[in-house]
Amino acid sequence: MSRDYVPPETLQQEAPESPGPKRKETDLWRLARYAALRLLALFLAAVVGVYLMILIANMGGYVDEIRRAEITMNVAEMTRGPEFAELPEEQRRERRDALIAQEVERLGLDQPFVLRSIYSLRDALTLDLGRSENMTSDAGSRHVRHIILERLPPSLFLFLSAQLIMFFLALFIALALSRQYGSTLDKIMVALAPTSAAPSWFYGIFLILIFAALLGVLPFGRMVAAPPPGETWAYALSVLRHLVLPVSAIVLGGLFLSIYNWRTYFLIYSSEDYVEMAKAKGLSGRKIERRYILRPTLPPIITSFMLSIITVWMGQIVLEEIFNWPGLGRLLYQAIGLYDTPVIIGLVVIYAYLLGVTVFLLDFIYALVDPRVKVGSEGGQT
Amino acid sequence: MHALKRRLNELKEYPSAVVGLIIIGLLIVLSIYAVISIPYAEAVRLWRGGEGVWIENPRNVPPALVNMLPGVDRPETMILSSQDQPELKEREQISEDVTEFVISMPFTYEYGEFPRELSAFFSADYEDTRPFIEVSWIKPDGEEIELMDGNVTDRTSYRISQDRGLQRSLDGLRPQIGLFARDLEADPPQVQTGEYELRISGYLFEEDASFSAELINYGQVHGLAGTDHRRRDISIALLWGTPIALSFGFLAAVGSTIITMVLAAVGVWYSRWVDGIIQKLTEVSLILNPLVVLVMVGTLYSRSIWVMLGVIIVLNIFSGAIKIYRSLFMQIKQAPYVEAARSYGARNLRIVFRYLIPRAVPVLVPQFVTLIPALVFLEATLALLGLGDPVLPTWGKVLEDAQANGALYLGYYYWVLSPSILLILTGLGFSMLGFALDRILNPRLRGM
């Protein structure tokens, strides 16, 4: 009846190669073509994603209305000063209109929104981040690049250390648990997994309550003590003290679920027949773990590691707000509050590129670590 | 479906699932109670109400439960009204128009701690000439302190605890402490327990004029959940936050899981360009950070909970879950019974809805249950960023108020703790059930 039905397997096998003499193309050529196509697809996704963000950040042009109203208000405020009071009404209105027109032109509001959205897409994709509209970096620069670069170190410092601690801790604990499956400790960890339903800011509030408010041993928030200590080592020590609570909050928020997931993964793989076979051959536990359990679970481990590293870029808005941490998440939040679209788009486009590159790299890393995956043959692996 | 039911019966063997179900049950009971006891319009009115609605509540005090702690004896709010005890009102006609009156308002104070605030409200009914009053305070040991004198209008508030002159005459002690202290020199001051009296004497200058007074000794504790910076009873938000959180989480989870599932099934069945588009959209949505989009929508467009709900559903449709369903449907598509259905001539949509989707329901159920707490917390996250619904009382908005007013710095722990406990209970309840369901319904996890 439904003649158009094609089983997915045959469809996928035919798709990458067309029949004919070209079938004998070398692996390298196929690899290059696959890489090019994949890059193109990811780039297109990035273009669409970034353009959507531009549309949302401008509310489809609605933000322009807000900006115009703001300009009119600011100019009205400016022209209320004494130097304008002496001018006749006619002249004052002229001055005012001129100032409004000047500001409208500076922000490019005199051009239609569709055109400007295309320009900002072009600028964003070429990483020409431009100048912010309202925000300045602490050093006083209006370049989006400088504003972002200023917030990058605190963000990297906090989230990278938290992600690394969480990742390795979860992996090692999970491996240890899968060795002693069914023990009391194992059961406790499984029972703790649902606690990850709460986000890290939630644990942040509790940690502040216990360690800052009740015990008074750690600071409430901020990155360094105020005023910042002069000597380098004292400064570093102060930053470390301020780092403890936010890092613990992030780790607490995700650790137990992570442990549970890895543990289940390891258990599934250690019940495979070839593991039984290796046991029967008398291989040591460590060797089995390394060869037959860790090896096949390597691709998901790498994926989750790389994806967790990119999340560092977006930061965590609420966590940074609660801890007063000057990271990228807060920057984004402030930018949204100030309708500063260049900053928003700058952050978003870099994220899109980071994500695209990571996904692209993952395809190849998969092929390197997992012999079952062949680059270029469209498996379902993503 | 029978198999599903049989498997759900296994839930009883998982203690965490039982605990989770009990928590969810309690939350549902609480929601029903909230909706019945306080009608929606009333809840909104109370929560948005200012001083007018909440004038009789103290500001920022913990729940009455703290009095259970050893060594804590905090006063509750006392409201005395001259209209309640008309026998304590003396009137004497002096001339044709002028009436002299004395109102005494006695009360017993037996608490170990001082009140939080002290206010008196006078109301008078007159045509042209305002009544004149003198107010004095009589302590249990007989000492009499002049508080104020003057003319009163139809509604005069006298904030005793903010009376600077009175404070000076009380050796600089805040009036709510000085007026109750045994010894003004003592450090720290001790409460003098016993019979107090607020005495108001005055003159009415018209024949039909009348006067009444109200004294409020604001307590140091209030109700089940305490009060916030606007004197509001937090229990209203806690109570009404429950049905809002549950229905928000449930609707968003239902909306996104069902649409995701249908799209995945349709994509897999029709393959070709339909599947291609869905796959591409999934890649695009990876770039859109949901929270960032929501913050933008909230800041720039609307903070209404319904708009947020819609945006969350749309963002969730093309999330990572669609890939899980896709690979699942890929397998189901190959199953012999689907082949059979096709050979007897079932139409495409019939196959999608009657043959593919029902088989994926067991995988959907745990996904769905674990999605709910994530969405409940998402709502709280938005509220914490000041993007909560402008009208509704929710747990997240209580947390936001607490955070914005430095509750943790100032030691108002109850303000943070009560909404947090409800949030984590909801989170734990659903995710404990979800984890158990996952282990029962997901064949690869059986017995692990």
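In the predicted model, ring pairs join Phe107(B), Tyr109(B), Tyr111(B), Trp137(B), Phe180(B) and Tyr196(B) into a cluster. The structure is a predicted model, in which local features need pLDDT of at least 70 and side-chain atom pairs count only at pLDDT 80 or more, while totals for chains, interfaces and linings use all residues. Residues are numbered from 1 along each chain as its sequence is written, chains are lettered from A in the order in which they are written, and side-chain values use heavy atoms, with hydrogens and water left out.

A pair of aromatic rings is described by the distance of the centres and the angle of the planes. Rings of Phe, Tyr and Trp (its six-membered ring) pair if their centres lie within 6.5 Å, and the planes count as stacked when under 30 degrees apart, as edge-to-face when over 60, and as tilted for the rest. By this rule, 30 aromatic pairs are counted over all chains. One of them is the stacked pair of Phe107(B) and Tyr196(B), with 5.6 Å from centre to centre and 15 degrees between the planes. Phe107(B) lies in strand S3 (residues 99-109) of chain B and Tyr196(B) in strand S8 (residues 194-204) of chain B, so this pair ties together parts that are 89 residues apart in sequence; strands here are DSSP runs (E, at least two residues), as helices are (H or I, at least four), numbered from the N terminus. Both Phe107(B) and Tyr196(B) are buried, where buried means under 20% relative accessible area, exposed over 50%, and partly exposed in between (1.4 Å probe, protein chains only).

The ring centres of Tyr109(B) and Phe180(B) are 4.6 Å apart with the planes at 45 degrees, so this pair is tilted. Because Tyr109(B) lies in strand S3 of chain B and Phe180(B) in the loop between helix H6 (175-178) and S8 of chain B, the pair ties together parts that are 71 residues apart in sequence. Tyr109(B) counts as buried at 1% relative accessibility, and Phe180(B) counts as buried at 0%.

On the surface of chain A, Phe157(A), Trp233(A), Leu237(A) and Leu240(A) form a nonpolar patch, with about 450 Å² of accessible area together. Patches are made of residues with over 30% relative accessible area and no salt bridge, and nonpolar side chains (Val, Leu, Ile, Met, Phe, Trp, Tyr) are joined within 5 Å, like charges within 9 Å; a salt bridge is a side-chain nitrogen of Lys or Arg within 4 Å of a carboxyl oxygen of Asp or Glu. Helix H10 (residues 232-270) of chain A gives the largest share of the nonpolar patch, 3 residues.

Terms used: Areas by Shrake-Rupley, 256 points an atom, 1.4 Å probe, with all protein chains shown as cover.
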